[in-house]
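I set down here what I looked up in this structure, entry by entry.

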Amino acid sequence: MRVAMIGLGRMGANIARRLMRGGHEVVVFNRSPEPVAALASEGALPATSLKDVAAQMTGPRIFWVMLPAGEVTEAAINELSEISEPGDIIIDGGNTFYKDDIRRAALIAGKGRHYVDVGTSGGVWGLERGYCMMIGGDKTVVDHLDPIFAALAPGAGSIAPTRGRTDPDDRATRGYIHAGPVGAGHFVKMVHNGIEYGLMQAYAEGFDILRNKSSDKLPEAERFDINVADVAEVWRRGSVVSSWLLDLCANALATDRALDGFQGKVADSGEGHWTIEAAMEEAVPANVLSAALFARYRSRQDATFGDKLLSAMRFGFGGHVEVPK
(Lines give C-alpha, C1' and ligand atoms only; values in the text may rest on other atoms or scores of the structure.)
Protein backbone atom coordinates (compact mmCIF):
# COMPACT_ATOMS: atom_id res chain seq x y z
CA MET A 1 0.00 0.00 0.00
CA ARG A 2 1.06 3.62 -0.46
CA VAL A 3 0.90 5.76 2.67
CA ALA A 4 1.67 9.43 3.23
CA MET A 5 3.57 10.16 6.46
CA ILE A 6 3.15 13.79 7.52
CA GLY A 7 5.46 14.76 10.36
CA LEU A 8 8.89 13.15 10.57
CA GLY A 9 9.85 13.60 14.20
CA ARG A 10 11.22 10.87 16.45
CA MET A 11 8.29 8.54 15.83
CA GLY A 12 7.00 9.66 12.43
CA ALA A 13 10.32 9.06 10.66
CA ASN A 14 10.72 5.59 12.15
CA ILE A 15 7.12 4.65 11.40
CA ALA A 16 7.87 5.55 7.77
CA ARG A 17 11.01 3.39 7.87
CA ARG A 18 9.20 0.41 9.38
CA LEU A 19 6.45 0.68 6.76
CA MET A 20 9.07 0.64 4.01
CA ARG A 21 10.71 -2.39 5.60
CA GLY A 22 7.29 -4.04 5.47
CA GLY A 23 7.06 -3.51 1.71
CA HIS A 24 4.85 -0.39 1.66
CA GLU A 25 5.49 2.76 -0.35
CA VAL A 26 5.71 5.93 1.74
CA VAL A 27 5.35 9.55 0.64
CA VAL A 28 6.98 11.77 3.27
CA PHE A 29 6.50 15.43 4.17
CA ASN A 30 7.85 17.61 6.96
CA ARG A 31 7.99 21.37 7.42
CA SER A 32 11.80 21.24 7.65
CA PRO A 33 13.38 19.55 4.62
CA GLU A 34 16.22 17.62 6.29
CA PRO A 35 14.14 14.62 7.50
CA VAL A 36 12.47 14.42 4.07
CA ALA A 37 15.86 14.26 2.35
CA ALA A 38 17.10 11.63 4.80
CA LEU A 39 14.11 9.35 4.19
CA ALA A 40 14.23 9.96 0.43
CA SER A 41 17.79 8.61 0.47
CA GLU A 42 16.35 5.45 2.05
CA GLY A 43 13.68 4.96 -0.60
CA ALA A 44 10.77 7.18 0.46
CA LEU A 45 9.00 9.47 -2.00
CA PRO A 46 9.67 13.11 -1.00
CA ALA A 47 6.98 15.81 -1.04
CA THR A 48 7.34 19.56 -0.69
CA SER A 49 3.82 20.37 0.53
CA LEU A 50 0.56 18.70 1.50
CA LYS A 51 -0.74 19.36 -2.02
CA ASP A 52 2.34 17.62 -3.39
CA VAL A 53 1.65 14.72 -1.01
CA ALA A 54 -1.89 14.40 -2.33
CA ALA A 55 -0.71 14.58 -5.95
CA GLN A 56 1.52 11.53 -5.40
CA MET A 57 -1.31 9.39 -4.02
CA THR A 58 -4.15 7.46 -5.64
CA GLY A 59 -7.54 6.76 -4.10
CA PRO A 60 -8.47 5.83 -1.57
CA ARG A 61 -5.52 7.86 -0.35
CA ILE A 62 -4.11 7.28 3.13
CA PHE A 63 -2.72 10.29 5.00
CA TRP A 64 -1.02 9.51 8.32
CA VAL A 65 -0.52 12.65 10.45
CA MET A 66 2.19 12.30 13.13
CA LEU A 67 2.38 15.77 14.64
CA PRO A 68 2.15 17.26 18.16
CA ALA A 69 -1.39 17.37 19.53
CA GLY A 70 -3.12 20.73 19.26
CA GLU A 71 -3.03 23.51 16.71
CA VAL A 72 -0.39 21.97 14.43
CA THR A 73 -2.35 18.74 14.00
CA GLU A 74 -5.61 20.64 13.71
CA ALA A 75 -4.25 22.78 10.87
CA ALA A 76 -2.84 19.79 8.98
CA ILE A 77 -6.08 17.82 9.22
CA ASN A 78 -8.14 20.83 8.17
CA GLU A 79 -5.96 21.29 5.08
CA LEU A 80 -6.06 17.59 4.26
CA SER A 81 -9.83 17.57 4.53
CA GLU A 82 -9.91 20.22 1.80
CA ILE A 83 -7.35 18.78 -0.64
CA SER A 84 -8.40 15.14 -0.22
CA GLU A 85 -11.30 13.48 -2.00
CA PRO A 86 -14.33 11.43 -0.92
CA GLY A 87 -13.22 7.99 0.26
CA ASP A 88 -9.75 9.15 1.37
CA ILE A 89 -8.56 8.27 4.88
CA ILE A 90 -6.94 10.61 7.39
CA ILE A 91 -5.12 8.94 10.30
CA ASP A 92 -4.04 10.82 13.40
CA GLY A 93 -1.28 8.80 15.08
CA GLY A 94 -0.21 11.43 17.61
CA ASN A 95 -1.36 11.88 21.21
CA THR A 96 -4.55 13.75 20.42
CA PHE A 97 -7.34 14.29 22.98
CA TYR A 98 -10.03 11.76 22.05
CA LYS A 99 -12.85 14.33 22.11
CA ASP A 100 -11.02 16.26 19.39
CA ASP A 101 -11.05 13.05 17.30
CA ILE A 102 -14.81 12.76 17.65
CA ARG A 103 -15.31 16.38 16.62
CA ARG A 104 -12.95 16.19 13.64
CA ALA A 105 -14.39 12.90 12.39
CA ALA A 106 -17.89 14.36 12.34
CA LEU A 107 -16.68 17.36 10.33
CA ILE A 108 -14.79 15.43 7.68
CA ALA A 109 -17.47 12.74 7.42
CA GLY A 110 -19.70 15.43 5.97
CA LYS A 111 -17.16 15.74 3.16
CA GLY A 112 -17.08 12.00 2.55
CA ARG A 113 -13.65 11.47 4.14
CA HIS A 114 -12.81 8.84 6.76
CA TYR A 115 -11.00 9.50 10.04
CA VAL A 116 -9.03 6.97 12.09
CA ASP A 117 -7.25 7.63 15.38
CA VAL A 118 -4.26 5.49 16.31
CA GLY A 119 -2.82 5.62 19.80
CA THR A 120 0.79 4.65 19.16
CA SER A 121 3.25 3.42 21.78
CA GLY A 122 6.84 2.42 21.18
CA GLY A 123 8.84 5.62 21.33
CA VAL A 124 12.29 5.73 19.80
CA TRP A 125 12.53 1.91 20.04
CA GLY A 126 9.58 1.29 17.73
CA LEU A 127 11.61 0.89 14.55
CA GLU A 128 13.18 -2.30 15.84
CA ARG A 129 10.64 -3.46 18.45
CA GLY A 130 7.48 -2.47 16.60
CA TYR A 131 4.62 -0.24 17.73
CA CYS A 132 1.78 -1.16 20.06
CA MET A 133 -1.31 0.44 18.53
CA MET A 134 -4.80 1.18 19.82
CA ILE A 135 -7.06 2.07 16.90
CA GLY A 136 -10.39 3.88 16.68
CA GLY A 137 -12.59 4.15 13.61
CA ASP A 138 -15.13 2.48 11.37
CA LYS A 139 -14.51 -1.26 11.17
CA THR A 140 -14.54 -1.37 7.37
CA VAL A 141 -11.92 1.38 7.17
CA VAL A 142 -9.75 -0.12 9.91
CA ASP A 143 -9.88 -3.54 8.22
CA HIS A 144 -8.80 -1.92 4.94
CA LEU A 145 -5.77 -0.45 6.76
CA ASP A 146 -4.84 -3.75 8.42
CA PRO A 147 -1.75 -4.42 6.21
CA ILE A 148 -0.28 -1.14 7.47
CA PHE A 149 -0.94 -1.92 11.12
CA ALA A 150 0.36 -5.46 10.75
CA ALA A 151 3.64 -4.12 9.34
CA LEU A 152 4.06 -1.66 12.20
CA ALA A 153 3.08 -3.99 15.04
CA PRO A 154 5.71 -5.94 17.00
CA GLY A 155 4.10 -9.32 16.32
CA ALA A 156 3.69 -12.10 18.87
CA GLY A 157 7.46 -12.44 19.28
CA SER A 158 8.73 -14.61 22.13
CA ILE A 159 6.06 -13.57 24.65
CA ALA A 160 4.26 -16.64 25.97
CA PRO A 161 0.56 -16.89 25.08
CA THR A 162 -1.83 -15.76 27.81
CA ARG A 163 -3.30 -18.80 29.56
CA GLY A 164 -7.02 -19.15 28.96
CA ARG A 165 -7.18 -16.64 26.10
CA THR A 166 -9.24 -18.10 23.23
CA ASP A 167 -10.23 -14.97 21.26
CA PRO A 168 -9.98 -15.88 17.55
CA ASP A 169 -8.94 -12.31 16.72
CA ASP A 170 -5.17 -12.48 17.17
CA ARG A 171 -4.46 -8.80 16.57
CA ALA A 172 -4.05 -8.08 20.27
CA THR A 173 -1.53 -10.91 20.47
CA ARG A 174 0.35 -9.33 17.59
CA GLY A 175 0.39 -5.90 19.23
CA TYR A 176 -2.58 -3.91 17.96
CA ILE A 177 -6.34 -3.71 18.49
CA HIS A 178 -9.41 -2.09 16.99
CA ALA A 179 -10.54 -0.46 20.24
CA GLY A 180 -13.86 0.85 18.94
CA PRO A 181 -15.32 3.83 17.05
CA VAL A 182 -13.49 7.07 16.40
CA GLY A 183 -11.88 8.35 19.57
CA ALA A 184 -11.62 4.95 21.25
CA GLY A 185 -8.02 4.43 20.12
CA HIS A 186 -6.75 7.66 21.60
CA PHE A 187 -8.88 7.14 24.71
CA VAL A 188 -7.20 3.78 25.40
CA LYS A 189 -3.78 5.31 24.70
CA MET A 190 -4.61 8.21 27.02
CA VAL A 191 -5.33 5.82 29.90
CA HIS A 192 -2.21 3.82 28.95
CA ASN A 193 -0.14 6.97 29.45
CA GLY A 194 -1.92 7.77 32.71
CA ILE A 195 -0.96 4.31 33.99
CA GLU A 196 2.56 4.89 32.70
CA TYR A 197 2.78 7.99 34.91
CA GLY A 198 1.81 5.90 37.96
CA LEU A 199 4.25 3.08 37.22
CA MET A 200 7.12 5.47 36.64
CA GLN A 201 6.32 7.40 39.81
CA ALA A 202 6.32 4.17 41.83
CA TYR A 203 9.80 3.24 40.59
CA ALA A 204 11.04 6.79 41.15
CA GLU A 205 9.78 6.94 44.73
CA GLY A 206 11.04 3.46 45.58
CA PHE A 207 14.56 4.16 44.35
CA ASP A 208 14.50 7.52 46.14
CA ILE A 209 13.77 5.69 49.41
CA LEU A 210 16.59 3.23 48.74
CA ARG A 211 19.11 5.97 47.95
CA ASN A 212 18.23 8.07 51.00
CA LYS A 213 18.76 5.20 53.42
CA SER A 214 22.31 6.52 53.84
CA SER A 215 21.07 9.93 55.01
CA ASP A 216 22.76 11.41 58.06
CA LYS A 217 19.26 12.24 59.31
CA LEU A 218 18.92 8.56 60.29
CA PRO A 219 20.55 6.87 63.29
CA GLU A 220 24.00 5.69 62.24
CA ALA A 221 23.21 2.03 62.90
CA GLU A 222 20.22 2.22 60.53
CA ARG A 223 22.05 3.76 57.59
CA PHE A 224 22.67 1.55 54.57
CA ASP A 225 24.70 2.58 51.53
CA ILE A 226 22.48 0.80 48.98
CA ASN A 227 23.91 0.32 45.49
CA VAL A 228 20.78 1.33 43.57
CA ALA A 229 22.28 0.23 40.26
CA ASP A 230 22.69 -3.30 41.64
CA VAL A 231 19.14 -3.26 43.00
CA ALA A 232 17.76 -2.29 39.60
CA GLU A 233 19.81 -5.04 37.97
CA VAL A 234 18.77 -7.80 40.37
CA TRP A 235 15.09 -6.80 40.22
CA ARG A 236 15.22 -7.26 36.44
CA ARG A 237 15.90 -10.96 36.97
CA GLY A 238 12.96 -12.93 38.36
CA SER A 239 11.34 -10.14 40.39
CA VAL A 240 7.60 -9.47 40.16
CA VAL A 241 8.38 -5.77 39.55
CA SER A 242 10.50 -6.44 36.45
CA SER A 243 9.45 -4.49 33.35
CA TRP A 244 10.77 -2.47 30.44
CA LEU A 245 10.61 0.65 32.61
CA LEU A 246 12.81 -1.08 35.18
CA ASP A 247 15.21 -1.96 32.35
CA LEU A 248 15.43 1.74 31.56
CA CYS A 249 16.11 2.52 35.22
CA ALA A 250 18.92 -0.04 35.24
CA ASN A 251 20.40 1.39 32.04
CA ALA A 252 20.44 4.91 33.45
CA LEU A 253 21.81 3.94 36.86
CA ALA A 254 24.54 1.72 35.41
CA THR A 255 26.26 4.68 33.77
CA ASP A 256 25.31 7.51 36.14
CA ARG A 257 24.36 6.24 39.59
CA ALA A 258 23.73 9.74 40.96
CA LEU A 259 21.89 10.74 37.75
CA ASP A 260 23.83 13.98 37.65
CA GLY A 261 23.08 14.25 33.95
CA PHE A 262 19.39 14.95 34.67
CA GLN A 263 17.77 17.99 36.28
CA GLY A 264 14.66 16.07 37.31
CA LYS A 265 12.21 18.67 36.00
CA VAL A 266 9.65 16.29 34.50
CA ALA A 267 7.27 17.33 31.74
CA ASP A 268 3.80 15.92 31.08
CA SER A 269 2.45 15.62 27.57
CA GLY A 270 -1.25 16.00 28.35
CA GLU A 271 -2.48 12.41 28.52
CA GLY A 272 -2.05 12.15 32.29
CA HIS A 273 -4.15 15.29 32.75
CA TRP A 274 -6.81 14.01 30.35
CA THR A 275 -6.92 10.65 32.14
CA ILE A 276 -7.69 12.38 35.44
CA GLU A 277 -10.41 14.41 33.69
CA ALA A 278 -11.95 11.19 32.40
CA ALA A 279 -11.79 9.64 35.86
CA MET A 280 -13.67 12.64 37.29
CA GLU A 281 -16.29 12.47 34.51
CA GLU A 282 -16.82 8.77 35.24
CA ALA A 283 -16.62 9.16 39.05
CA VAL A 284 -13.77 6.63 39.14
CA PRO A 285 -11.21 7.04 41.96
CA ALA A 286 -7.70 7.45 40.51
CA ASN A 287 -5.56 8.12 43.55
CA VAL A 288 -2.25 6.81 42.18
CA LEU A 289 -2.59 8.35 38.72
CA SER A 290 -3.57 11.78 40.04
CA ALA A 291 -0.73 11.75 42.58
CA ALA A 292 1.72 10.84 39.82
CA LEU A 293 0.53 13.75 37.69
CA PHE A 294 0.83 16.25 40.54
CA ALA A 295 4.29 14.90 41.36
CA ARG A 296 5.39 15.97 37.87
CA TYR A 297 4.09 19.47 38.50
CA ARG A 298 5.97 19.57 41.82
CA SER A 299 9.21 18.36 40.19
CA ARG A 300 9.48 21.62 38.27
CA GLN A 301 9.87 23.49 41.55
CA ASP A 302 11.84 21.10 43.78
CA ALA A 303 13.37 18.14 41.95
CA THR A 304 14.46 15.00 43.84
CA PHE A 305 16.59 12.01 42.91
CA GLY A 306 13.35 10.22 42.05
CA ASP A 307 12.46 13.02 39.65
CA LYS A 308 15.83 12.56 37.96
CA LEU A 309 14.99 8.87 37.52
CA LEU A 310 11.65 9.83 35.98
CA SER A 311 13.54 12.05 33.53
CA ALA A 312 15.93 9.21 32.76
CA MET A 313 13.06 6.80 32.03
CA ARG A 314 11.29 9.30 29.76
CA PHE A 315 14.53 9.91 27.87
CA GLY A 316 15.14 6.17 27.66
CA PHE A 317 11.88 5.21 25.98
CA GLY A 318 10.94 8.34 24.09
CA GLY A 319 13.96 10.60 23.83
CA HIS A 320 11.95 13.20 25.78
CA VAL A 321 14.02 16.11 27.01
CA GLU A 322 13.42 17.84 30.31
CA VAL A 323 11.53 21.02 30.98
CA PRO A 324 14.00 23.89 30.40
CA LYS A 325 15.36 25.65 33.47
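**Entry 1: the strands around S2.** I looked up the pairing of strand S1 (residues 2-6) and found that 5 bridges join it to S2 in a parallel arrangement. I count two strands as paired if DSSP finds at least two bridges between them. Helices (H or I, at least four residues) and strands (E, at least two) are DSSP runs, numbered from the N terminus. The model is a predicted one, in which local features need pLDDT of at least 70 and side-chain atom pairs count only at pLDDT 80 or more, while totals for chains, interfaces and linings use all residues. Residues are numbered from 1 along each chain as its sequence is written, and side-chain values use heavy atoms, with hydrogens and water left out.

Met-5 has Val-28 of S2 as its bridge partner. S2 also pairs with strand S3 (residues 45-46), again in the parallel sense, over 2 bridges, and there Val-27 stands opposite Leu-45. I noted two right-handed β-α-β units: S1, H1 and S2 make one, and S2, helix H2 (residues 33-40) and S3 make another. Right-handed means that, with the strands pointing away from the viewer, the path from the first strand over the helix to the second runs clockwise. Strand S2 (residues 25-29) is mostly covered, with 4 of its 5 residues buried; buried is under 20% relative accessible area, exposed over 50%, and partly exposed in between (1.4 Å probe, protein chains only).

**Entry 2: the whole sheet.** In what order do the 8 strands of the open sheet stand? I read S3-S2-S1-S4-S5-S6-S7-S8, with mixed pairing. S3 and strand S8 (176-180) each have a single partner strand, so one side of each is left without a neighbour in the sheet. S8 pairs in the parallel sense with strand S7 (residues 132-136) over 4 bridges, and Ile-135 stands opposite His-178 of S8.

**Entry 3: the cores.** A nonpolar core is a set of buried Ala, Val, Leu, Ile, Met, Phe, Trp, Tyr and Cys residues joined through side-chain atoms within 4.5 Å. The largest has 32 residues, and among those that touch the most other members are Met-5, Val-28 and Trp-64. Helix H1 (residues 10-21) gives the most to this core, with 5 residues. A second, separate core of 24 residues includes Val-231, Leu-253, Leu-259 and Met-313.

**Entry 4: helix H11.** Which residues of H11 (residues 228-235) are buried? I found Val-228, Ala-229, Val-231 and Ala-232. They lie on the same side of H11, because they cover an arc of only 160 degrees around the axis, taken from the directions from the helix axis to the C-beta atoms. The buried residues pack against helix H10 (184-211), helix H12 (244-255) and helix H15 (305-318), contact being heavy atoms within 4.5 Å.

**Entry 5: Thr-96.** Thr-96 sits in the loop between strand S5 (89-92) and helix H5 (98-109). It is buried, with a relative accessible area of 4%. Leaving aside neighbours within four places in sequence, its contacts include Thr-73, Arg-104 and Trp-274.

**Entry 6: Arg-129.** Arg-129 belongs to helix H6 (residues 126-129) and is partly exposed, with a relative accessible area of 43%. Not counting residues up to four places away in sequence, Arg-129 touches Arg-18, Pro-154 and Trp-244.
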